[in-house]
Each structure stands twice: as C-alpha cells, then as structure tokens.
Amino acid sequence: MMKTNNPAVVEKTAQPTAAEHAAQPENRSGKKPLGLYIHIPFCLQKCGYCDFYSEAGLPDDLKKAYVEALCREIAQYGNRLTAEYMVDTVFLGGGTPSILPSHLTKSILSAVSDAFDVSADAEVSIECNPATLTEEKLGVYREAGINRLSLGVQSMDDGLLQVMGRAHSRQDVVETVQLARQAGFDNLNLDLMFGIPGQNMQMWKETVRTVFAMKPEHLSFYSLELAEGTPFYRQVARGTLEPTPQEEDRQMYHFLLRELQERGYDHYEISNSALPGYRCRHNLKYWNLSDYLGLGASAHSFLQERRFASVSDARAYAQAVLRGESPVVWQHENSRWDSITDYTFTALRRRGGIEKTDFAKRFDEEFWDFFSGREEEFQQFVLRGEAEEDAGGIRITEKGMDIASRIIEIFL
C-alpha cells in the first residue's frame, strides 16, 4: 500500500505553470521531485494501430515473474535514489495494466512505497481498458493508493471499436465510469481517438457528446497515426483500408477544441485538456524536461541529463533483472544542445509555450541568443497568426496547431 496521508485525494487547487513547476525543483523535504513510470506490457488483444511494446496472450507464470522483477528493480533504484528524490507521481502504463490481478498491482505499489519516499499528495495513475475493471479491482486500487484512472475509450461507436481491435464496447465504458465513481474515483481521464478509418464527423460528434455527458476531469485525444509495421499500416498500403482525409481529421480536432472551450476545459497541451486543477502532473514531467524513471520492459527514463531504456521484451527483461543483470539496452548522455532542443520541442507542445525567463534560468542564456538566426523564420508564423510572441514568451496558437511540427522544426 502506498504510504500517503490520504491516497484517495488528488490536489484540486490551481496548479503551477510549467515554468513555475520547473523553477521550484525541490519540495519541503529538500528532495528533488521524481516521477515513476511503470510499464505493464500485457494486453487482452493487440489493437490494429498500436506500435507501443505490448503483447497479448502471455502466460500467467511470466506475468508473475515480470512483477517480481519489477519489484526487484524498484527496490534497486530506491536504494540509489531515495536520499535525493521524493516521488510525487506514479504512472502505471502499458499495454493494459488493469488486466493484472489486483494483488499483483498492489504488490507493485507496495514495492514503490517500501523503496521510495512518496509524497503525501502523490498523483498515482493507472491505465485501464474499460472491459477489465470490476468493483473488487477498483476497491483494491483505492486501498493501494491509486487516485487517477486513465480509461482507453478511443470511441463510443461499437463498429469502430471492432475495426480498431478494441476489447470493450460502448456499454463497457458507461458501466466502468459508473463503477469508478461509485468506488470514489474523482479524477478520470478518458483517451479518445479521431481520424479512425471509417469514422465520419457525425460518429465523432456522437462520441464527443456522449463522453462529455460522463463529465471526465481530463481528456486526451489523438489523431490516429498509421505507424509502420502495424496491421492498419499494412492494410492501407494494400488498399483494403481507407485512411481518413486530412481535412476531415482536422475538422474533428477543431470541433473537439470548441466543445472543450465551451465546457471550461483547459487545453494545456496539443492533445490534452483538463478541468481546472486536473492537469496530469506526471505527463507534465515529460513536457517540462523534469526527472522521471521508467521501470519495466521498454520503459524510457530521463534522469540527471541521461536518457536510457530497457529491453523491449517482457521475458528478457524479467530474466535479466532476476539474474541480477541490468535490463538497460540503450543510453545517451544529453549534451547542452540536446537538453535545449528537447526542452523547446516539448514546451512548444504546451499551450503556454516557452517562458523566456524560465529558459534563461535553466540554460543561462536568452532564448533568441541561443537560437540566433531563426527568429525571422518564426516571425513568419506570427504574421499569419499561427504563433505568437510577447515579452513573456513564445507559443503556438490554436490556428497553428495543425502545423505545429513545422513550427517546432525551426528549433530542432
């Protein structure tokens, strides 16, 4: 069980901006904040569009060995880092973490609590498939300290869910949200996807309105990308699947943005919106270039200006850790240039953009001094209303969201 004063409660007061968070790297304990990402690579079935590392149909004995290895890796890092860091966010992602038996999930979080100093108001999230949650499982999650659920809804159209290879139905989503509310969860994120082959605007509007009726605190929304190597990619290449026209994809995106604004959601990152006080604190670490530690197969970390990643194979990961070997197969020491361009890329994904004073404090150099020679190109986007600059910083406007990658490329 996570040792927090009140694990069921998540902070709902106004949250600091990215720059404010970055400018205050130490909490009251004097330790630096640290986010933990824990990868659970098990799925009920593999979706046709997914290119994240996950596997379906793995045996129960491997799942047990994997969790044992996770707990051991957590303990090893805790011994090294707890004197310097306090964990203030934990995110169990996948895959589908909610397919694990609840006692294994509880074991993972107990290992975190035993190994690390966890803040009393830590945000503890778990990704879930709506078809996998039960009243019993939700009760265990609450006891274990989980206070934020992220549900992979994607669509509220049963036909599209089947096309995508999702293991749940529209009704599963409705019933799961009801169960979560009855269990006391008051911080729900719903993941949505648009631009799905076969999806039209009317289908998307119906999904959006049905989702808003469930009053989630947070929404993540992504345009379906045809990742090379996925079934969807191969089907489109063969001509058996028709991709959504780009113009319609953009219409879906902007329809949702208008609906979010009308309902008082804070569109704080290109693909994320939240009611006031419900921004995802863990994901903000990625976008703020803050320290986070990835645990498990395929997990990536950014810690003390070093990036590293573990082997993308559950069995190989478990075997390595249980033999006392490192599962890390890739690492990179960030140069100053790396860190500045990483920071710039992620900051421009946020609606708040880059705060000049925060940039100067982090890197001991003014923004346009570092990026000398690129200001004129950026100003072309400003003139077209696709970006803006003031004394405080630079940012991409809603009009520029559709070409955000082109604007960001100026600085990479």
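These legends walk through several views of a predicted model, from the whole chain to single residues.

Residues are numbered from 1 along each chain as its sequence is written, and side-chain values use heavy atoms, with hydrogens and water left out. Because this is a predicted model, local features need pLDDT of at least 70 and side-chain atom pairs count only at pLDDT 80 or more, while totals for chains, interfaces and linings use all residues.

**View 1**
Welcome to the overview: the protein chain holds 16 helices and 17 strands. Both are DSSP runs numbered from the N terminus, helices being H or I with at least four residues and strands being E with at least two. The C-alpha trace spans about 60 × 50 × 40 Å along its principal axes. A compact globule of 412 residues would have a radius of gyration near 22 Å, and the 21 Å of the protein chain agrees with that; the radius is taken over C-alpha atoms, and the globule rule is 2.2 Å times the number of residues to the power 0.38.

Of the 412 residues, 56% are buried, where buried means under 20% relative accessible area, exposed over 50%, and partly exposed in between (1.4 Å probe, protein chains only). Among contacts with a separation of 6 or more, 72% involve residues 24 or more positions apart; a contact means heavy atoms within 4.5 Å. The chain exposes about 17700 Å², with carbon and sulfur atoms supplying 48% of it. That area comes from the Shrake-Rupley method with a 1.4 Å probe, and for residues only the protein chains shown count as cover.

**View 1. Strand 1 and its two parallel partners.**
Eight of the nine residues of strand 1 (residues 32-40) are buried, so strand 1 is largely enclosed by the rest of the structure. Nine bridges join strand 1 to strand 4 (residues 85-94) in parallel; two strands pair if DSSP finds at least two bridges between them.

**View 2. Strand 4 and its link to strand 5.**
Strand 4 is mostly covered, with ten of its ten residues buried. Five bridges pair strand 4 with strand 5 (residues 118-128) in the parallel sense.

Three bridges join strand 16 to strand 17 (residues 393-396), and glutamate 388 stands opposite arginine 395 in strand 17.

**View 3. Asparagine 283 in helix 10.**
Asparagine 283 lies in helix 10 (residues 281-288). Its relative accessibility is 17%, so asparagine 283 counts as buried. For a sense of scale, asparagine 283 and lysine 63 are 220 residues apart in sequence and 26 Å apart in space, C-alpha to C-alpha.
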